[in-house]
Amino acid sequence: MSLIATLARLEAVSSGRARPAATVRHRHLSTRPLVFVPLTTAGEAGAPLGALVGTDRDAPRLLVVPQPRDRDLRFSFLADLADVVLPYIDSCAGAVEAAERTETDPETGKRVKVEVELCADAPQLIVPSRAGLDLVRLLGRSMRFRRTAEQDPEAPYPAPPRVPLLGRWLTHYGERSRVPGSSLLLALTDVLSRHWATGQSSLEDQHLGALLAWIDPPQGESGAEAARRAELARDAAGQLLCPPAGPATDPAFDNKLLAPAIERYDRARTALAAAEDALTADDRLAALTAAEREIRDLVESRTRPTWDAVWRGLDLLRALPEGAHVEERWTRDRWSFTGHRDRVLAGEPPQPRRDDAVTAANKLATREREQARLEAQEALDDPLVMAGRRLAGEAFAGEVTDVVMAYSEGRRPSPRPLVTVRTDDRPHLAERAKVYRSLGGKPQSAEFVGHEAEGVLVLRVLDKMGRGKEPEPGSVPEKGDRICFTLFEHEQRGGAKLPDPEETPWTHGGPPGEVVQEAADPITEEDVL
Amino acid sequence: MTTVDFDPGAAAARATDAILHDTLHGTERGVVVDSPPGAGKSTLVVRAALELADAGRPLMVVAQTNAQVDDLVLRLAEKNPDLPVGRLHSSDSDPYDKALDDLPQVRTSAKAAELNGLPVVLSTAAKWAHVKADEPWRHAIVDEAYQMRSDSLLAVAGLFERALFVGDPGQLDPFAIVGSEQWAGLSYDPSASAVTTLLAHNPGLPQHRLPVSWRLPASAAPLVSDAFYPYTPFRSGTGHGDRRLSFAVPSDGSGPDRVIDEAAESGWGLLELPARHTPRTDPEAVRAVAAVVRRLLDRGGAALSERSDGPAPLTADRIAVGTAHRDQAAAVRTALAELGVADVTVDTANRLQGREYDVTVVLHPLSGRPDATAFHLETGRLCVLASRHRHACIVVCRAGVGDLLDAYPSTEPVQLGTLVKFPDGWEANHAVLAHLTEHKVTWRP
């Protein structure tokens, strides 16, 4: 934890309210996000119990699996989920704008510009917490290798149509959420705790109710009290007043309410199956419907508070103005979305179970580049974030006290003005260290020459002054200017190009061989409990 | 443990001969050499390079940092001034050591094509990754291969047919600035070390080990070997009494002076400050480090070793300060400047890798901390800090690290399919601490 984050948390503890950790919003928020509040069943990894899902905060769609171990019911839940999510995705897949992309011409091998489609907007998925991200990934993994009856007439348990497609999209979103700064799939607790520092640990911040209590406590109550109530308070029947955001449920809810309700449902189902005449069957169907209704009400009672909390959190975030570089990062998200849309349309197979060596290395390189880019952009967009970097000795701000014109040696001398800066910051500047400032959105670099006195630095400006002998107007700081230099670079260089997968070298196992379509997941005993 | 007839020179020569034989005449595409601290890794690399060049095999050398590349170029030039050498560099300003410009046989360029045909071309892995070659090099030497990431090897492995991989498995593992758990357990996990991936795919490659540390004194080699290389022990090349550190000015009885005397006598010294939770840049501990360095210089130290007949003065350039974090290093530099000390190297463990000094002063990574994270417990970090010295190592630390270790056993999740690394950082920390405690000087500044 950085020093400024520690300070903000200490202030939050003493004031009883979360402190801002950012002055602008560093993530894109769609005007019409799809909120997904899932619950799972205890005892089986990733077995859905139900979910609230939708784009309208007043009319979420409630999906429930009354018997979570029943595979047919699970499939129908997933099919229902696909009916909500896929039309939402399609709504963005259609609207496109023309864009240019550089590609390698397969014939000449030259880099050429090609005109391609870029989706004008991308669907955004919001889950309450980080565990929700993992569930999205898990659901994607469990669905994308399923076969529908159409794909494989022999499949013993064919998946409903569109379920494998939903799996591919959820996989794509889950994978994209690992890219720093991306906003296709967001966990609300992560985004909120990026923008506010609470007086509790970052582990506790993953409880959405407690986090919101710190950020926006009810009238007359301190954040600490409200957070404690959100975490622990129970009603007379022993149920949490603020149910956890899931996907896991509270054991007291499982034991006292859910398990008996599922048992009643099972009994009603067995009774219906045993009915021998139409009249009894009618009665028993009514009993089954009532039992199912009861489970639906239970699931809704646990997901609705979280659903409302998610929208409240989005309101809080929307109140912050968007950071200057957010749009640029969202454009990359749109490219990512468009790319996957094209792969689906082109009939490519689902994402493989495991990345090959080259794909894994490319992904890691991209994410490291995005991480560095994100850190730089957040600091440039937000003085409060920059303050943290200054406190850490990674940037400094100050006033220009003197500018002396100087020139480089050589045949064509170029301007290399010496700028003296007085600063109260204490940057960790090594000899001849490079520093950067933003000049009209582009980084201008300078070189650290030395300390003139305590808190007085001399820098030599190196570039962005035009081609002439005299620097272009406005390109050199002037006496009295307030300027801010960073020790980190503002833009990231592209990494080296890795070999194509079919040219994987011997050190990494050689080429992966012919691409075969991955088989469907085999049916195991657990699948047919 | 000491056998009378152990001849370190002969043992090291046998190992080197076997390595060169496998490299020049072996049938496998790769040879892996594990080298403990100061075991003559660079000497081996230079010798192998010269022999490969002699055999007429075009050679590329891959190192991890520009400083390492420049160092190898200078060593090659020193050993064989007639051998034409190419130094491939980046297009940044000041891409290489200016000393190379004085060597007529060294050609520098930012373009690989301009260095075509030279018997040896050296560069960093990052620069090699941008090189496109129509025909691969016959041979490569990959230096510091344990500090190279698997993805970085992936980018350059297409450039060579065969390679000699040299490195120190005990030093800091490469790291990624983003999570990479999703690939844990895959043989080609891009965040793993290059050697891990190489051996996972080519388990039959010959593996060698350099058995003798020429840097570490007899007082340090057993501890470093036991704590960090439990299954691949090594020996020091010198015996007790071969090296001596003495001071002209006697001790003034202060904590720094007492710990200096202890370290001069035994090779190790622990200056223990009172227990306290502090920020990373603990001002007292930082001042204590600076005070020790100041006294080391003031007391007219002389280091006697097998390298020369007479004692060599202990000057600022023969002393280094090691820390875990960069802000700590910056704080120590400031404190040293206040005491008027210049030219003493102060750096983090990452940057001290591969360097050698007579005396090191280390700010213990766990000093004053309320918790012990995986970063602070990493085996390689402590190993680097405890194995940079030829004579003595002085550790400055707050009391209570033993209890801290007991309160924070390592809890890293076990990933299926990954090799468990030995030794465990927690255990290595305890082993080093137990040894240091025997050389403890408590001091209340």
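Which strands of chain A does helix α9 (residues 278-318) lie across? Let me keep that question open for a moment while I say what we are looking at.

This is a predicted model, in which local features need pLDDT of at least 70 and side-chain atom pairs count only at pLDDT 80 or more, while totals for chains, interfaces and linings use all residues. Residues are numbered from 1 along each chain as its sequence is written, and chains are lettered from A and ligands numbered from 1 in the order in which they are written. The model has an ipTM of 0.89 and a pTM of 0.91. For chain B the mean pLDDT, the predictor's confidence in each residue from 0 to 100, is 92, and 99% of the residues of chain B reach 70 or more.

Let me begin with chain A, which holds 12 helices and 15 strands, where helices (H or I, at least four residues) and strands (E, at least two) are DSSP runs numbered from the N terminus. Its C-alpha atoms fill a box of roughly 105 × 70 × 40 Å along the principal axes. Of its 529 residues, 39% count as buried, a word that applies if 20 or more other C-beta atoms, placed from the backbone, lie within 10 Å of a residue's own.

In chain A there is an open sheet of five strands, in the order β4-β3-β2-β7-β8, with mixed pairing; two strands pair if DSSP finds at least two bridges between them. At the edges stand β4 (61-64) and β8 (185-187) of chain A, each with a single partner strand, so one side of each has no neighbour in the sheet. On average, neighbouring strands of this sheet are turned by 20 degrees against each other, direction ignored. Within the sheet, β2 (residues 34-40) and β3 (residues 48-54) of chain A pair in the antiparallel sense over six bridges, and V35(A) stands opposite G54(A) in β3(A).

Now I can return to the opening question: helix α9 of chain A lies across β2, β3, β4 and β7 of chain A, running at about 135 degrees to β2(A). Such angles run from 0 to 180 degrees between N-to-C directions, with axes fitted to C-alpha atoms, for helices over the stretch in contact.

Turning to chain B, we find 15 helices and 19 strands. The radius of gyration of chain B, taken over C-alpha atoms, is 22 Å, close to the 22 Å from the globule rule (2.2 Å times the number of residues to the power 0.38) for 445 residues, so chain B is as compact as a globular protein of that length. Buried residues make up 51% of the 445 residues in chain B.

Five of the five residues of β1 (residues 30-34) of chain B are buried, so β1(B) is largely enclosed by the rest of the structure. In a regular strand the side chains alternate between the two faces of the sheet. Here G30(B), V32(B) and D34(B) are buried on one side, and V31(B) and V33(B) on the other. β1(B) pairs in the parallel sense with β7 (residues 160-167) of chain B over five bridges, and three bridges join β1(B) to β8 (residues 207-209) of chain B, also parallel. V33(B) stands opposite V166(B) in β7(B) and opposite H208(B) in β8(B).

Finally, where the chains meet, the contact (C-beta atoms, placed from the backbone, within 7 Å) takes 25 residues from chain B and 23 residues from chain A. On the side of chain B that touches chain A, the largest share, four residues, comes from α5(B).

Notes. A residue is buried if 20 or more other C-beta atoms lie within 10 Å of its own, exposed if 12 or fewer, and partly exposed in between; C-beta atoms are placed from the backbone. Two residues are in contact if their C-beta atoms, placed from the backbone, lie within 7 Å.
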